[in-house]
Amino acid sequence: MDSKVKLSTFSLILTIIIIGVLLVGTAILYNEGNNKWGIAAAILIILLIFGLLYGPTSISVADKNETVKTFLKRIKLPISKIESVELFQPTMGAIRIFGSGGFMGHWGFFKEGDIGQYTAFYGKSSDCFLVKMKNGDKYVLGCENPSQMVNYIKSQM
């Protein structure tokens, strides 16, 4: 089973604005002969690399693994190591420890009062589910059809 990750309107607008501002800022600094254009270009490149490495594009379940796909990376969660999976909606009260709260999706390490620390890969908070691993790790993942994905993972456990 494979399901795409859809970005929220906020994430999509934020991503476009950040990339646009950094591109325009770099171009303006470069055209003015300001030697600080390299700093703006480096920030843009670093943000794009992290976004391409960790920004989720789809979630799939096959070959006894749940896989989070990004543009440049695959994160595999073995189904045999999953303790439970359930629908979940992260709140605005989640504290971002490291990662993105909207740029190219929501990804990284977060902490929330009711579930503690977790790793997130999702586009919209309304499309999420929580995966608890047997070793205590928690993942909040999101895709277009979370209830079908939860049911399918449960059937594979």
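**Figure 1. Leu 52, a partly exposed residue of helix α2.** Leu 52 has a relative accessible area of 29%, so this residue counts as partly exposed. The class lies between buried (under 20% relative accessible area) and exposed (over 50%), with a 1.4 Å probe and protein chains only. Helix α2 covers residues 37-54 and includes Leu 52. Helices (H or I, at least four residues) and strands (E, at least two) are DSSP runs, numbered from the N terminus. Contact partners of Leu 52 are Thr 70, Phe 71, Leu 72 and Met 104, leaving aside neighbours within four places in sequence. Contact means heavy atoms within 4.5 Å. From Leu 52 to Thr 67 the C-alpha distance is 16 Å, across 15 residues of sequence. The model is predicted: local features need pLDDT of at least 70, side-chain atom pairs count only at pLDDT 80 or more, and totals for chains, interfaces and linings use all residues. Residues are numbered from 1 along each chain as its sequence is written, and side-chain values use heavy atoms, with hydrogens and water left out.

Figure 2. Helix α1 spans residues 9-31 and holds Leu 14. The relative accessibility of Leu 14 is 25%, so Leu 14 is partly exposed. Leu 14 and Gly 102 lie 88 residues apart along the chain, yet their C-alpha atoms are separated by 6.6 Å. Leu 14 touches Gly 102 and Phe 103, not counting residues up to four places away in sequence.

**Figure 3. The open four-stranded sheet.** Strand order is β1-β2-β3-β4, with antiparallel pairing. Strands pair if DSSP finds at least two bridges between them. β1 (2-4) and β4 (74-78) are the edge strands; each has a single partner, so one side of each lacks a neighbour in the sheet. The twist averages 15° from one strand to the next. β1 runs antiparallel to β2 (residues 56-62), and three bridges join them. Helix α3 (residues 146-156) lies across β1, β2 and β3 (65-70), at about 35° to β2. Axes are lines fitted to C-alpha atoms, for helices over the stretch in contact; angles run from 0 to 180 degrees between N-to-C directions.

**Figure 4. Glu 66, a buried charge in strand β3.** Strand β3 contains Glu 66. Glu 66 is buried but has no salt bridge. A salt bridge needs a side-chain nitrogen of Lys or Arg within 4 Å of a carboxyl oxygen of Asp or Glu. Lys and Arg count as positive, Asp and Glu as negative; His and the chain ends are not counted. Not counting residues up to four places away in sequence, Glu 66 touches residues including Ile 59, Phe 129, Val 131, Leu 141 and Ile 153.

**Figure 5. Two nonpolar cores.** A nonpolar core is a set of buried Ala, Val, Leu, Ile, Met, Phe, Trp, Tyr and Cys residues joined through side-chain atoms within 4.5 Å. The largest has 22 residues; Ile 59, Phe 129, Val 131, Leu 141, Met 149 and Ile 153 have the most contacts inside it. At least two residues of this core come from each of β2, β4, β5 (82-87), β9 (128-133), β10 (138-142) and α3. A second, separate core of nine residues includes Phe 88, Phe 110, Tyr 118 and Leu 130. Met 149 touches Met 1, Ser 3, Ile 59, Val 61, Phe 129 and Cys 143, not counting residues up to four places away in sequence.
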